[in-house]
Amino acid sequence: MTDTTSGVAMAGSSVPGVSPRGGHGTYVDDDKLTASVAGEVQRVDKLICVRPLQTRFNGEVGDVVVGRITEVQQKRWKVETKSRLDSVLLLSSVNLPGGELRRRSAEDELTMREYLQEGDLISAEVQSVFSDGALSLHTRSLKYGKLGQGVLVQLSPSLIKRQKTHFHNLPCGASMILGNNGFVWLYPTPEQLDEGAGGFYTNLQPVGLSDREVISRLRNCLLALAAHKVLLYDTSVLYCYESSVQHQVKDILKPEVMEEIVMLTQQKLLEQEG
Amino acid sequence: MATVHVSEAEKVYILHGIRDDLRVDGRSCEDYRHMEIETDVVSNTDGSAKVTLGDTAVLVGVKADIGKPRPAVPNEGYLEFFVDCSANATPEFEGRGGDELGTELSNTLYKVFNNKHSVDLKSLCISAGEHCWVLYVDVLLLQCDGNLYDAISVAIKAALFNTKIPKVHLSADEEGGKEIELSDDPYDCVRLDVENVPCIVTLCKVGHRHVVDANLQEKACSVASLIIAVTHKGTVTCTRKVGMGSLEPESIFEMTQVNASGRPFMLHS
């Protein structure tokens, strides 16, 4: 089974293919296989699909996502992850205070809102995918859970590179969670590194000015990279941060400055690879 | 306005940031986002402008039509405002969802321009009591990321600046009535003097401080905002308070001081 990407197709352009029928993202027009979306062409033996670049998040098991609670229902929460359907976080999939192996009681159901309310942000992992495509999430690890103070940046999911870990403590002084669904969470590095985000207690102490500046600069760098369609991972974000140091934080979003910074970042990335 | 959900912890972060004069995107409390103004974008209008303020985009078209002047002021023309919140901006505006916001915005615009100094209405008169120019100003919201009033007022000013009203020749016809002829030459037109057209500055109260040009997240953390329409000379034409919170008199005074010192910059095409 060969799975090779062989180029990029634009909507309406013909895709060279042998089989009369194509997979997702294609249609037959006058006996020619044509792409219906703009994206990369993937061939699996004789099946040709076009995977779109601009699309909602299609989650797979094991993906790390950052989401916002939209509803509190019986025994589960509905989480917005910018996918086609709201994701589901079951009550049995969260770590309750008091130990992991406690059986969920009726009281737990009634006090669900005390743990996670509408509007709260969480980091979670995709446990499974329902038959209709909705994702089932879990926070059964100390590194996942309710997120505290910080900044959320919403970007396209296809810009996030798949890596071994999505939790980064950047050397510039802030921490970052690159959710596979395009939600990037920037937060001040917690002092006690063993205190994971799995707890439900949020620290509401004011964040220092230097940390704030780092986070704002990172946020603007992320927006600059996303505007120029650069793949996001810890190294690219860090290079962008370093290239932006000579400009003021608020100037980074000006188009000319954005272009300059992204060009420097891309140069550095090429040097590193080559 | 379009609503955005913010968690409690995010609100606290934003509040403390504004208190320390460092907002989430690095701006200070009195900085505007990057603004781009384009004029003459719609070809079948007499004047048009498109303004992008951060992620907020507004399109304004001005059409001049001949109509009957208002009975109370027979030697003046007038302006008609219509704001359309399109569903492109946010799904909340789908169907009739955007009507409420649209009427609120148009009513504010009427108040802002309801004075003798903003636009020289006498120059819009053709013949007293019978014919005058009516300027239909249509505003279309393309994208909504907070601070609609400021973007709309800048777009209206730019569109009015871009408006070309054809010159009119009056002649008497046989029955004694007046006949109006519009000149066919596209360059034979009258431009409006927009020097005194006011710009709106919205100040949002977040915590104990006020910010200029709030985006949707900062708006979600604020309880009240003050909208002030001011001309370049410093004359205030309209003030309005929106929101459910209350403002103390001292904070209102503080806000007007900020407003006087920092008005949006103008780019002429």
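**Figure 1. The loop that holds B:Ser43 in the predicted model.** B:Ser43 is found in the loop that connects strand S1 (35-39) with strand S2 (47-53) of chain B. The model shown here and in the following views is a predicted one. B:Ser43 has a relative accessible area of 74% and is therefore classed as exposed, the cut-off being over 50%. Between B:Ser43 and B:Gly61 the C-alpha to C-alpha distance is 9.6 Å, and 18 residues separate the two in sequence.

**Figure 2. The interface of chain B and chain A.** On the side of chain B, 21 residues are in contact with 27 residues of chain A. The area buried between the two chains is about 1,900 Å², and carbon and sulfur atoms give 59% of this area.

**Figure 3. Salt bridges and polar contacts between chain B and chain A.** Two salt bridges are counted between chain B and chain A. In one salt bridge, the side chain of B:Glu10 meets that of A:Arg68, with an N to O distance of 2.9 Å. Eight residue pairs, both members at pLDDT 80 or more, are in polar contact across the interface of chain B and chain A. Helix H1 (residues 8-19) of chain B supplies eight residues, the largest share of the side of chain B that touches chain A. By class, that side of chain B comprises nine charged, six polar and six nonpolar residues.

**Figure 4. The largest nonpolar core and the surroundings of B:Leu135.** The largest nonpolar core has 57 residues, of which B:Val60, B:Leu135, B:Ile152, B:Ile156 and B:Leu160 touch the most other members. Helix H3 (residues 148-162) of chain B contributes 10 residues, the largest share of this core. When residues up to four places away in sequence are not counted, B:Leu135 touches residues including B:Val62, B:Lys63 and B:Ala64, as well as B:Tyr78, B:Leu79 and B:Glu80. B:Leu124, B:Leu160, B:Ile165 and B:Leu192 are also among the residues that B:Leu135 touches.

**Figure 5**

**Figure 6. The fold of chain A.** Chain A contains 15 strands and five helices. Chain A has 274 residues, of which 45% count as buried. Among the contacts in chain A with a separation of 6 or more, 63% are between residues 24 or more positions apart.

How values were computed
Residues are numbered from 1 along each chain as its sequence is written. Chains are lettered from A and ligands numbered from 1 in the order in which they are written. This is a predicted model: local features need pLDDT of at least 70, side-chain atom pairs count only at pLDDT 80 or more; totals for chains, interfaces and linings use all residues. Side-chain values use heavy atoms; hydrogens and water are left out. Contact means heavy atoms within 4.5 Å. Buried area is the accessible area (1.4 Å probe) that two parts lose on being put together, summed over both. A salt bridge is a side-chain nitrogen of Lys or Arg within 4 Å of a carboxyl oxygen of Asp or Glu. A polar contact is a pair of N or O atoms within 3.5 Å; within protein, one must be able to donate a hydrogen and the other to accept it, and residues adjacent in sequence count only if both atoms are side-chain atoms. Helices (H or I, at least four residues) and strands (E, at least two) are DSSP runs, numbered from the N terminus. Ala, Val, Leu, Ile, Met, Phe, Trp, Tyr, Cys and Pro count as nonpolar, Asp, Glu, Lys and Arg as charged, and the others, Gly among them, as polar. A nonpolar core is a set of buried Ala, Val, Leu, Ile, Met, Phe, Trp, Tyr and Cys residues joined through side-chain atoms within 4.5 Å. Buried means under 20% relative accessible area, exposed over 50%, partly exposed in between (1.4 Å probe, protein chains only).
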